[in-house]
Amino acid sequence: MEKKKPSTEKKDNAPVTNEQAVDLAVKYLDYGRRTEKQIADYLKRKGAGIAAAEHALSKLLEYKYIDDFEYCRAYVEANIGKAGAHKIRYSLIQKGAMAAAIENALTCVPDETQEAAALIVAEKYVRNKEMTAELTRKAARFLYGRGFSWEVIKRVTARFSSDAENVDFEE
């Protein structure tokens, strides 16, 4: 006869126990790294009470399964080639990361890295197009939409066009 595994899923009206909350949180972490807030929100959706959610979070912190500083560092490292610091900061705020963890992770990224990432994104944008002042403005707006700062954008667009000095980015 086959043994039944204890269910980590919430029963219809049964409250989630502390152990079930920990199991739910660990199962949720199996899919990828999460912030404390993401796990707390998940447990709330699954019907865990405040006490059970706090217990689960304290256990996960104790076992070092969650760490907002490490999460932010890894997120910045994975996304710095695709987006600028502003967009990454906004994404991390949306994910519920602590402000100190976000700033700590972003200060570790040198301007040269952001500039190199912006250059790659801009090269893809202007590929096979004739360089004009209008295209330079469009590329600048595109980079701004990707979260790059105006200082980085001006340095990158200056590489594409000798007219970049004369381009008014505010149009």
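This is a predicted model: local features need pLDDT of at least 70, side-chain atom pairs count only at pLDDT 80 or more; totals for chains, interfaces and linings use all residues.
**View 1. The helices of the chain and its surface.** The chain holds 9 helices and 0 strands, where helices (H or I, at least four residues) and strands (E, at least two) are DSSP runs numbered from the N terminus. Of its 171 residues, 38% count as buried; buried means under 20% relative accessible area, exposed over 50%, and partly exposed in between, with a 1.4 Å probe and protein chains only. Among contacts (heavy atoms within 4.5 Å) between residues at least 6 apart in sequence, 61% join residues at least 24 apart. The accessible surface, from the Shrake-Rupley method with a 1.4 Å probe, comes to about 10900 Å², of which 51% belongs to carbon and sulfur atoms.

**View 2. Thr-132 in the loop between α7 and α8.** Thr-132 lies in the loop that joins α7 (111–126) and α8 (133–145), and with a relative accessible area of 34% this residue is partly exposed. Thr-132 and Phe-160, 28 residues apart in sequence, are 9.4 Å apart in space from C-alpha to C-alpha.

**View 3. Gln-38 and its surroundings.** Gln-38 has its place in helix α2 (residues 36–45) and is buried, at a relative accessible area of 16%. When neighbours within four places in sequence are left aside, Gln-38 is in contact with Tyr-28, Arg-33, Tyr-71 and Lys-95. Tyr-28 also has the charged end of Arg-34 over its ring, 4.1 Å from the centre; a charge sits over a ring if NZ of Lys or CZ of Arg is within 6 Å of the ring centre and within 35 degrees of the ring normal.

**View 4. Stacked aromatic pairs.** The whole structure contains 5 aromatic pairs, counted when rings of Phe, Tyr and Trp (its six-membered ring) have centres within 6.5 Å, with planes under 30 degrees apart taken as stacked, over 60 as edge-to-face and the rest as tilted. One of them joins Tyr-71 and Tyr-75, which are stacked because their ring centres lie 6.2 Å apart and their planes meet at 20°. These two residues, 4 apart in helix α4 (residues 68–79), are separated by about one helical turn, and both are buried. Tyr-144 and Trp-150 form another stacked pair, 4.8 Å centre to centre with 15° between the planes; Tyr-144 is partly exposed at 45%, and Trp-150 is partly exposed at 25%.

**View 5. Cysteines Cys-72 and Cys-108.** Cys-72 counts as buried at 0% relative accessibility, whereas Cys-108 counts as exposed at 58%. The count of disulfides comes to 0, a disulfide being a pair of cysteine sulfur atoms within 2.5 Å.

Key: Residues are numbered from 1 along each chain as its sequence is written. Side-chain values use heavy atoms; hydrogens and water are left out.
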